[in-house]
Amino acid sequence: MRFSARTHQLPVRLIVGAFVLNSGVSKLKGVDDVAEGTHGMATTAYPFLESQDPREFTRRLGTAEVALGAALMVPFVPSLLAGAALTAFAGGLTGLYLRIPGMREEGGLRPTQQGIPLLKDSWLVGVGASLVLEELGRARAERRAVHARLIPD
């Protein structure tokens with residue numbers, strides 16, 4: 001695993017990281033204002049979260065977003081790690097879209113007007129998965145190259 005981001009990954013990591021970081025900071029600034037709504041939406045999709053205090057849940061979520069955003073923006077955090085964390089986080093957001101009633105048109109995946117704000121975050125899954133797949137592919141190619149040098153034809 002590389003211990004720094006590749007140069008061509010930096011623009012997407014910086015933009016996505018800033019987006020996620022801003023979302024986390026906004027949650028932390030407005031915990032009292034958004035806690036009930038954030039927690040309510042999360043518990044609709046993930047009922048096991050009902051036992052958590054809405055303010056504490058929102059504070060933890062905001063903190064996780066700040067940490068993820070910072071990890072994406074800091075070039076020495078490996079892209080494999082940052083991409084895996086982003087994919088997991090974005091998978092949870094996509095789960096909200098898929099599980100909350102009224103977000104999708106009946107019998108399909110097309111969003112309703114209410115679902116568009118949640119579905120728009122699905123691009124984060126693609127960004128995270130791309131970072132992971134690139135790093136795994138490069139690691140595999142590097143192993144093959146080393147193997148080819150060790151065992152000549």
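A residue counts as buried under 20% relative accessible area, as exposed over 50%, and as partly exposed in between. Arg60, at 49% relative accessibility, is therefore partly exposed. The model discussed here is a predicted one, and the same cut-offs are applied to the other residues below.

Side chains of opposite charge can pair when their charged atoms come close. The structure holds 8 salt bridges. In one of them Arg60 pairs with Glu56, and the closest N and O atoms are 3.6 Å apart. Arg60 and Glu56 are 4 residues apart in helix α3, so about one helical turn separates them. Glu56 is partly exposed, because its relative accessibility is 31%.

Arg138 forms a salt bridge with Glu134, with the closest N and O atoms 3.1 Å apart. Both residues are in helix α6, 4 residues apart, which means that about one helical turn lies between them. The relative accessible area of Arg138 is 36%, so Arg138 is partly exposed. Glu134, at 21% relative accessibility, also counts as partly exposed. Back among the salt bridges that share partners, Glu56, Arg59 and Arg60 are joined into one network.

Glu65 pairs with Lys27, and the closest N and O atoms are 3.1 Å apart. Glu65 belongs to helix α3 and Lys27 to helix α1, so this pair ties together parts that are 38 residues apart in sequence. Glu65 is buried, because its relative accessibility is 4%. Lys27 has a relative accessibility of 16% and therefore counts as buried too.

Two or more lining residues come from each of α1, α2 (31-45), α3 (54-73), α4 (79-99) and α5 (116-119). The largest share of the lining, 5 residues, is given by α4.

Helix α3 also contains Leu68. Leu68 is buried, because its relative accessibility is 7%. Between the C-alpha atoms of Leu68 and Glu105 the separation is 31 Å, and these two residues are 37 residues apart along the chain.

The next contacts are between aromatic rings. A pair of aromatic rings is described by the distance of the centres and the angle of the planes. The structure holds 2 aromatic pairs. In the pair of Phe19 and Trp123, the ring centres are 5.5 Å apart and the planes are at 65°, so the pair is edge-to-face; the cut-off for that label is an angle over 60 degrees. Phe19 is in helix α1 (residues 10-29) and Trp123 is in helix α6, so the pair ties together parts that are 104 residues apart in sequence. Phe19 is partly exposed, because its relative accessibility is 37%. Trp123 is partly exposed as well, with a relative accessible area of 35%.

At a relative accessible area of 38%, Val146 is partly exposed. Together with Leu150 and Ile151, Val146 forms a nonpolar patch on the surface, and the accessible area of the three residues together is about 290 Å².

How values were computed:
Residues are numbered from 1 along each chain as its sequence is written. This is a predicted model: local features need pLDDT of at least 70, side-chain atom pairs count only at pLDDT 80 or more; totals for chains, interfaces and linings use all residues. Side-chain values use heavy atoms; hydrogens and water are left out. Patches are made of residues with over 30% relative accessible area and no salt bridge: like charges are joined within 9 Å, nonpolar side chains (Val, Leu, Ile, Met, Phe, Trp, Tyr) within 5 Å. Accessible areas come from the Shrake-Rupley method with a 1.4 Å probe; for residues, only the protein chains shown count as cover. A salt bridge is a side-chain nitrogen of Lys or Arg within 4 Å of a carboxyl oxygen of Asp or Glu. Buried means under 20% relative accessible area, exposed over 50%, partly exposed in between (1.4 Å probe, protein chains only). Rings of Phe, Tyr and Trp (its six-membered ring) pair if their centres lie within 6.5 Å; planes under 30 degrees apart count as stacked, over 60 as edge-to-face and the rest as tilted.
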